[in-house]
Amino acid sequence: MRKAQISLDLLFAIFLILLTLVNLTYLATSETAHSEMFSTISEVKTFSISLRDHITKVYAVGEGFKKKEVFPFNLESGESIRIHLNSSSNSIIINATIDGKSYTITQRSDVPLKDSNVTLTNSKREFWISTEISGGMLYVKVEP
């Protein structure tokens with residue numbers, strides 16, 4: 001073998017090392033993306049559980065009571081959270097659009113709900129939970 005000659009074995013070893021490094025980099029970036037998505041879903045789920053509990057508390061206090069809610073996380077431009085109370089299925093539906101991805105969380109409510117909705121953005125993060133009597137029954141609704 002001459003002085004400046006690289007063996008085929010050495011080239012093959014370098015190729016395998018580079019391939020392994022590229023693979024590890026890909027795995028690290030994909031796991032980071034998955035953990036960020038999981039964090040976002042967890043935040044929205046936590047908010048939905050808190051909202052369900054506050055709706056129950058507002059209903060328990062009775063007629064004329066209002067509670068101001070503030071979405072606890074910052075939203076970027078173009079991101080939004082839509083809260084919809086569905087009276088027919090008695091459920092709280094939260095549609096979140098965050099980082100270009102859509103998430104839907106549904107919570108069942110133990111109290112009667114009135115069809116209402118509110119959309120939260122980066123400039124409008126607060127809304128009201130209130131009660132209303134309709135047809136002799138007490139309902140809970142959300143309003144801007």
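Trainee: Which residues are buried in α1?

Mentor: This is a predicted model, so local features need pLDDT of at least 70 and side-chain atom pairs count only at pLDDT 80 or more, while totals for chains, interfaces and linings use all residues. Residues are numbered from 1 along each chain as its sequence is written, and side-chain values use heavy atoms, with hydrogens and water left out. Buried means under 20% relative accessible area, exposed over 50%, and partly exposed in between (1.4 Å probe, protein chains only). In α1, the buried residues are Ser30, Thr40, Val44, Phe47, Ser48, Leu51, His54, Ile55 and Val58.

Trainee: How far apart are the end C-alpha atoms of helix α1?

Mentor: Helices (H or I, at least four residues) and strands (E, at least two) are DSSP runs, numbered from the N terminus. The expected span is 1.5 Å times one less than the number of residues. For the 54 residues of α1 (residues 8-61) that gives 80 Å, which agrees with the distance between its end C-alpha atoms: 80 Å.

Trainee: Which residues is His54 in contact with, leaving aside its neighbours within four places in sequence?

Mentor: His54 lies in helix α1 and counts as buried because its relative accessibility is 16%. Contact means heavy atoms within 4.5 Å. With those sequence neighbours set aside, the partners of His54 are Lys67, Glu69 and Ile129.
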